[in-house]
Amino acid sequence: MKIGGVTCPKCHAGFRRIELSSLPGIGGEYRCLVCHQILETFDGSKAIAYRLTVLPESRLAMDGSGFPRHPCPGP
Ligand SMILES: [Zn+2]
């Protein structure tokens, strides 16, 4: 078993990548859960699991506070 880290090149979300070379995998691709960028294509020779560990900061800033950075002056 091999564990590594992968960062999405597009939105900088962090993923944990777990490679299980003793298990047969499924061919295909893994896409970023946040922006759907392809992070890796699998040939099916081994099982690879991904887990989202770090959300991109821009998304946290936007969803975290729930308030805009510059308050609207209003009418
Ligand atoms: Zn992404």
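How many bridges join S1 to strand S2 (residues 14-20)? Six bridges join these two strands, which run antiparallel. The structure is a predicted model, in which local features need pLDDT of at least 70, side-chain atom pairs count only at pLDDT 80 or more, and totals for chains, interfaces and linings use all residues. Residues are numbered from 1 along each chain as its sequence is written.

**Overall composition**

- Of the 75 residues in the protein, 5% are buried. A residue is buried if 20 or more other C-beta atoms lie within 10 Å of its own, exposed if 12 or fewer, and partly exposed in between, with C-beta atoms placed from the backbone.
- Among contacts with a separation of 6 or more, 43% involve residues 24 or more positions apart; two residues are in contact if their C-beta atoms, placed from the backbone, lie within 7 Å.

**The sheet**

- Three strands form an open sheet in the order S1-S2-S5, and the pairing is antiparallel; two strands pair if DSSP finds at least two bridges between them.
- Strand S1 (2-7) and strand S5 (47-54) are the edge strands, since each pairs on one side only.
- Neighbouring strands of this sheet are turned by 25 degrees against each other on average, direction ignored. For such angles, axes are lines fitted to C-alpha atoms, for helices over the stretch in contact, and the angles run from 0 to 180 degrees between N-to-C directions.

**Strand S1 and its hairpin with S2**

- S1 and S2 form a hairpin with six residues between them.
- In the turn of this hairpin, His12 has a positive phi of about 65 degrees.
- Ile3 has Ile18 in S2 as its bridge partner, and Thr7 has Gly14 in S2 as its partner.
- S1 lies largely in the open, because zero of its six residues are buried.
- In a regular strand the side chains alternate between the two faces of the sheet.

**The loop containing His36**

- His36 lies in the loop between strand S3 (28-31) and strand S4 (38-42).
- His36 is exposed, because 11 other C-beta atoms lie within 10 Å.
- The C-alpha atoms of His36 and Lys10 are separated by 9.2 Å, and these residues are 26 residues apart along the chain.

Terms used:
Helix = DSSP H or I, 4+ residues; strand = E, 2+ residues; numbered from the N terminus.
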